[in-house]
Number of protein chains: 2
Amino acid sequence: MPELPFTLDQLRILKAIAAQGSFKKAADLLYVTQPAVSLQIQNLEKQLEITIFDRGGRKALLTEAGRLLLEYCERILNQCDEACKAIEDLNSLKGGTLVVGASQTTGTYLMPRMIGLFRQKYPEVSVQLQVHSTRRTGWSVANGQIDLAIIGGQLPSDLENLLQIIPYASDELALVLPSKHVLSNKKELLKEDLYKLNFVTLDSQSTTRKVVDKLLQDSGLDIHRLKIEMELNSLEAIKNAVQSGLGASFLPVVSIERELEAGTIHKAFVADLEVKRELKLITNPSRYTSRASEEFKKNILPQFASLESPLRKL
Amino acid sequence: MPELPFTLDQLRILKAIAAQGSFKKAADLLYVTQPAVSLQIQNLEKQLEITIFDRGGRKALLTEAGRLLLEYCERILNQCDEACKAIEDLNSLKGGTLVVGASQTTGTYLMPRMIGLFRQKYPEVSVQLQVHSTRRTGWSVANGQIDLAIIGGQLPSDLENLLQIIPYASDELALVLPSKHVLSNKKELLKEDLYKLNFVTLDSQSTTRKVVDKLLQDSGLDIHRLKIEMELNSLEAIKNAVQSGLGASFLPVVSIERELEAGTIHKAFVADLEVKRELKLITNPSRYTSRASEEFKKNILPQFASLESPLRKL
DNA sequence: AATCTCCATAAACTAAGATTATTCAAATAA
DNA sequence: TTATTTGAATAATCTTAGTTTATGGAGATT
């Protein structure tokens with residue numbers, strides 16, 4: 001590995017002299033003394049074994065070798081300036097990329113709004129959203145492919161102590177019925193009423209499904225007595241199924257805002273039953289946190305929810 | 001003028017770490033200790049206010065900012081390498097430009113051969129030949145437009161002490177006659193015979209003409225008694241005139257080698273008359289001498305003539 | 001658990017680069 | 001011409017950035 005025969009400072013001095021036509025003026029421009037530039041140019045000439053300036057007359061003129069070197073000098077210094085600008089932009093969030101992760105539900109209904117707000121504030125930062133399972137999202141955060149993520153399920157224990165897990169908001173999983181369903185008229189259902197319903201659920205692999213099952217079980221229900229009409233793998237499909245009167249379901253409220261407003265889906269209240277899951281923000285503490293990631297965490301996330309007040313619409 | 005936020009050494013270290021994936025290996029590669037690279041990267045990170053490497057696991061991984069910087073880093077270092085190569089080429093005469101000057105005669109008959117030899121040795125150095133009057137050539141050498149020149153005439157006195165003037169070779173100005181001329185049979189002419197000839201000469205502005213006139217006068221001849229048939233401004237034109245039998249002339253031997261060999265021109269000897277002029281090499285001592293110029297002066301010029309032995313054919 | 005590897009930190013040392021002061025040469029002015 | 005000014009080179013001192021040796025600590029490896 002060869003040593004570099006010159007320094008950026010020397011190139012800067014070379015450029016200044018070439019521009020000013022004088023060692024002294026270059027020295028003034030660079031806020032150093034004249035001997036400093038003389039010495040540096042002498043070093044440069046010695047190391048490259050060339051003569052760069054003809055110092056004969058009143059002003060310093062470039063030799064052929066000097067002109068040749070100056071060309072590269074300009075290019076190199078320009079690249080340096082560009083690099084600085086690029087880094088500055090990155091620091092001031094005028095560039096760069098933020099990669100956020102989410103599981104199905106948050107990825108579909110929450111993240112897009114957050115990203116929208118972020119992009120509104122920092123249009124020059126490009127944002128990538130990766131929607132995966134809770135587990136895969138966790139691993140991606142662990143190995144740095146994702147800067148930060150919001151998940152609703154339980155992480156494998158090995159990941160739990162590798163990642164920073166911050167409770168973010170609680171997400172209610174509401175019992176929804178077709179608007180025309182007989183039970184839609186009742187103010188409040190009883191737990192036992194659930195056994196009378198036909199359910200359209202997520203497939204049993206899904207984290208959200210597991211969460212719902214566990215919560216129902218914890219509240220004393222026998223989930224095996226619940227009638228499952230069909231299992232689908234998309235919330236949108238389930239929503240359509242419910243709207244079509246095919247059955248009931250537990251769905252995240254964030255996913256049915258529009259339908260509730262339009263009245264095409266009915267949200268039922270069940271006495272003594274609160275199906276909620278904690279949405280958690282996960283990051284990798286042992287990794288560098290980009291400015292964009294910081295910003296997202298500090299100023300974007302709180303605008304949508306806090307631990308005390310659950311998710312609110314905008 | 002902003003200070004540069006990084007040094008080439010830091011970029012070199014950055015590149016090495018990125019390539020090796022480890023601070024330690026980079027240190028080994030660069031023949032420094034590991035703390036040295038640690039410190040330099042820390043400085044770099046501090047100055048740019050970014051984190052460049054994730055030092056978490058076994059190997060150092062680039063952050064987004066690090067990758068961004070690395071891109072510029074590669075470009076900059078490549079430019080540096082290229083600059084070095086270009087300078088090296090210039091030093092080893094594998095590039096660059098040599099500008100030589102000459103007056104009419106040497107420029108037409110001598111220089112092309114010299115340049116040919118030079119180019120044969122250094123094909124990558126481009127050579128430029130500028131043929132001008134002695135005076136203009138002198139000035140061009142003075143202000144650096146020409147690296148070195150060969151002239152046959154007298155320089156203005158102000159230029160004489162500004163330039164380095166080295167006697168190079170003597171150039172015989174031979175009396176030439178048409179082959180069929182009556183006097184071409186005589187072994188040796190007398191000075192008086194010159195008055196019987198019709199001369200075809202260069203125009204009176206020409207340095208060569210002035211030199212010839214002065215030499216003839218110095219040897220006791222009355223130049224006004226010489227009959228001048230016509231004055232032309234090109235040696236080639238004069239040669240043609242002589243060959244066509246229009247008259248005699250004093251011509252540099254270097255310019256009539258082919259014709260003498262072919263027998264189309266006759267070279268006469270005149271008793272007690274030797275018309276010779278000194279060819280001089282001129283350079284500018286107060287200016288940088290390029291390697292190409294040095295080489296031309298030291299190794300090319302001597303192959304064609306020296307002071308002792310006049311110009312020889314190759 | 002024990003060892004190893006790799007990075008960070010501390011303290012001492014080295015050397016490159018900056019400054020002040022001075023000399024020298026050339027260009028300008030008197 | 002001589003005197004003055006301007007710009008660059010040189011010398012000596014000083015500052016500081018960068019390197020080294022030595023050491024400590026956190027993760028990975030056995």
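For these notes, Ala, Val, Leu, Ile, Met, Phe, Trp, Tyr, Cys and Pro count as nonpolar, Asp, Glu, Lys and Arg as charged, and the others, Gly among them, as polar. I am working from a predicted model.

**Entry 1: the largest pocket**

I began with the volume, and the largest pocket comes out at about 660 Å³. Next I asked which residues lie nearest its centre. They are T134(A), Q205(A), S206(A), T207(A) and T208(A), from a lining of 28 residues. I then looked up the elements of chain A that give two or more residues to this lining, and found α5 (104-109), α7 (134-142), α9 (207-218) and β11 (276-283). The largest share belongs to α9(A), with seven residues. By class, I noted 14 polar, nine charged and five nonpolar residues in the lining of the largest pocket.

**Entry 2: the second largest pocket**

I moved on to the second largest pocket, whose volume is about 510 Å³. I listed 25 lining residues here, and those nearest the centre are G144(B), I146(B), D147(B), Y288(B) and S290(B). Which elements supply at least two residues each of this lining? From chain A I wrote down β2 (61-62) and α4 (64-91), and from chain B β3 (97-102) and α11 (291-300). The element that gives the most is α11(B), with four residues. Sorting the lining of the second largest pocket by class, I got ten polar, eight charged and seven nonpolar residues.

Note on methods:
Residues numbered from 1 in each chain as written. Chains lettered and ligands numbered in written order. Predicted model: local features only at pLDDT ≥ 70, side-chain atom pairs only at ≥ 80, totals over all residues. Heavy atoms only, no water. 1 Å grid on protein atoms, 1.4 Å probe; cavity = no way out; pocket = protein on both sides within 12 Å on 5 of 7 lines; lining within 4 Å. Points joined across faces, edges and corners; volume = space filled by probe spheres on them.
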